[in-house]
Amino acid sequence: MNPVIEQITKIYKEMPLSRKIMMGGIMAIVFIGLISIFIWANKVDYQILYSGISSEDAFKIVEKLKEQKIPYRLSGNGSIIMVPGNKLYDLRLSLAGEGLPNENTVGFEIFDETAFGTTEFVQKLNYQRALQGELAKTIKQFKEIDDAKVMIVMPSKSVFIEEERPASASVLLKLKRKLSKEKISAVVYLVASSVDNLNPDQVTVVDTNGNMLSKGTVGEELNSIANTQLEYKTNFEQTKAIRIQTMLEKIVGRGKAIVRVTADMDFDQIDLNEEIYDPDAFVIRSSNNIVETADKKTGPAGDISSVNPITNSGTQGISRQSTIKNDKKNETINYEINRQIKRTTKAIGRIKRLSVVAVLDGNYTFEKNKDGTKTKTYNPRTKSELDQFTIIVRQAMGYNADREDQVSVESFPFFLEMDSMLPEKTSFDFPDFIKKYGKSLLNIFVILLLFIFVILPFVKSIQEIKSKAIKDAEELIELEEKRKAALPKPAKLTEVDQAMLFANENIEKTIKILKIWAMEHEKK
């Protein structure tokens with residue numbers, strides 16, 4: 001047997017029973033850990049292939065998996081099929097090529113095979129079926145919805161406008177868990193946006209338990225708007241209060257300030273158009289100046305003419321002329337009156353007024369009595385302090401005097417004791433100590449147990465094995481020295497004896513040396 005194994009076996013036999021049990025436990029833990037790691041590393045990772053499918057589709061898919069000899073697992077009463085993760089996507093592609101799972105909902109694929117000679121009525125009916133199927137498939141994409149069915153009523157068109165009726169729709173949902181109001185509204189608007197002439201108030205949503213999720217009324221929409229406005233107002237007030245309160249607590253101390261904010265908001269959306277004329281302010285728009293000048297010349301009365309060939313004067317042949325000048329001026333000025341056009345759109349959620357109330361705790365003084373108790377005395381804050389805090393709160397809230405904002409800062413005692421005599425703590429509070437340091441002490445205790453019962457015995461065993469081996473080695477050396485000392489001392493060898501001993505131990509070298517001597521002797 002191997003000496004090392006013999007040494008280990010001997011040491012193990014000499015160990016006490018407690019040490020053997022401890023080492024056996026450690027080896028068992030290590031062995032179990034290795035087996036667990038091996039099993040975990042070779043464990044097959046099953047992932048969901050399909051979920052929520054019908055029993056017929058599940059049967060067909062399982063048959064295909066058996067044909068391909070692929071392991072699978074069933075859960076959810078057979079509606080969930082799980083396969084190894086490394087084959088998940090390949091199986092989905094291959095099964096989809098074979099038309100599995102076969103959904104009962106028909107969409108626009110109904111038009112893939114259209115028979116020749118289909119009437120217009122059948123085409124409209126197929127379009128309605130396809131639209132209902134596509135909407136149902138889309139709605140089932142919500143994680144909270146297991147199944148959906150959509151029914152659309154599309155009235156026939158009329159040539160008379162007063163006889164036209166709007167379209168309507170009903171949605172039946174099979175829910176996995178509760179659907180939020182926002183997602184219900186999303187379903188309503190999804191259906192309304194996909195159908196021509198369908199208003200959201202004509203869409204009704206119910207679940208398979210008979211609960212009315214959406215009645216499709218305008219009042220519900222107004223109620224939703226009111227809830228949104230209230231939520232916006234509440235969030236604004238809380239945000240303002242937290243900002244002011246955290247700032248005050250940095251000054252007066254944690255838990256010594258209470259702030260409440262009330263906001264009066266205007267949620268009316270107003271679009272105002274104004275056209276203002278100012279008669280006192282005007283400018284010249286255009287001017288027109290017209291100036292006319294006319295010159296008229298006339299001859300003397302005695303001139304020779306066909307009418308009056310003979311004149312009475314004796315100065316025949318002398319001509320006299322006169323000139324008449326006429327000036328005309330026309331000026332037109334057009335004035336433009338000053339006009340301003342304003343278009344004002346008020347924002348939704350405009351702040352009309354803010355009211356802030358801040359309550360601060362005062363100061364306390366403690367006086368020690370002769371019997372060891374302490375007296376607690378409340379001291380309210382002074383008016384100058386409250387005025388300073390008022391200025392701080394106004395700056396933090398965004399005070400606006402035009403809005404008539406209100407700020408009130410007061411000081412009151414927060415904790416009123418029925419008995420103001422507070423005894424001084426003299427004993428050790430063990431529950432409080434455990435609450436503060438219990439986890440740390442528990443961790444230290446576990447580490448200490450691990451060191452005492454695992455690490456320390458293991459180190460001690462190694463040291464014992466090492467010391468045992470050293471001791472055995474020393475004993476062997478001592479026995480060897482004693483054996484050598486007990487043997488008689490060898491006699492002194494002569495040169496002939498030494499040569500014979502060398503020749504017996506090194507025959508080949510001896511032969512070579514003898515050959516060399518023989519050759520040298522022949523040369524001589």
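User: What is isoleucine 139 in contact with, leaving aside its neighbours within four places in sequence?
Analyst: This is a predicted model. In it, isoleucine 139 contacts Ile145, Ala148, Val150, Val171, Leu173, Val187, Leu190 and Val191, once neighbours within four places in sequence are set aside.

User: Which residues touch the most other members of the largest nonpolar core?
Analyst: Ile139 is one of them, along with Val171, Leu173, Val191, Leu198 and Val203. That core has 23 residues. Two or more residues each come from α5, β4, β5, α6 and β6 (203–207). The largest share is from α6, with 5 residues.

User: How many residues are in the second core?
Analyst: It has 20 residues and is separate. Ala257, Val259, Met265 and Val393 are among them.

User: Back to α5. How many residues, and what reach from first C-alpha to last?
Analyst: Helix α5 covers residues 120–139, so 20 residues by the record of its span. Its C-alpha reach is 29 Å, close to the 28 Å expected at 1.5 Å a residue.

User: Which α5 residues are buried?
Analyst: Asn126, Gln128, Ala130, Leu131, Gln132, Gly133, Leu135, Ala136 and Ile139.

User: New topic, lysine 240. Is the residue buried or exposed?
Analyst: Lysine 240 is buried, yet has no salt bridge. Aspartate 405 is the nearest side chain of opposite charge, and it is 8.6 Å away. A salt bridge would need a nitrogen–oxygen pair within 4 Å.

User: Where does lysine 240 lie, and what is around it?
Analyst: Lysine 240 lies in helix α7, residues 218–252. Leaving aside neighbours within four places in sequence, its contacts are Val261, Ala396 and Met397.

User: Why does leucine 65 count as buried?
Analyst: Because its relative accessibility is 1%, and the cut-off for buried is under 20%. Leucine 65 is in helix α3, residues 55–67.

User: What does leucine 65 touch?
Analyst: Ile70, Tyr72, Ile81, Val83 and Leu91, not counting residues up to four places away in sequence. Take valine 83: 18 residues apart from leucine 65 along the chain, with 9.1 Å between the C-alpha atoms.

User: Whole chain now. How many helices and strands?
Analyst: The chain has 11 helices and 15 strands. Buried residues are 19% of its 524 residues.

User: What share of contacts joins residues 24 or more positions apart?
Analyst: 67% of the contacts with a separation of 6 or more.

User: And the accessible surface?
Analyst: About 41300 Å², with 57% belonging to carbon and sulfur atoms.

How values were computed
Residues numbered from 1 in each chain as written. Predicted model: local features only at pLDDT ≥ 70, side-chain atom pairs only at ≥ 80, totals over all residues. Heavy atoms only, no water. Helix = DSSP H or I, 4+ residues; strand = E, 2+ residues; numbered from the N terminus. Buried < 20%, exposed > 50% of the residue type's maximum accessible area, 1.4 Å probe, protein only. Lys, Arg positive; Asp, Glu negative; His and termini not counted. Contact = heavy atoms within 4.5 Å. Expected span 1.5 Å × (residues − 1). Areas by Shrake-Rupley, 256 points an atom, 1.4 Å probe, with all protein chains shown as cover. Core = buried A, V, L, I, M, F, W, Y, C linked by side-chain atoms within 4.5 Å.
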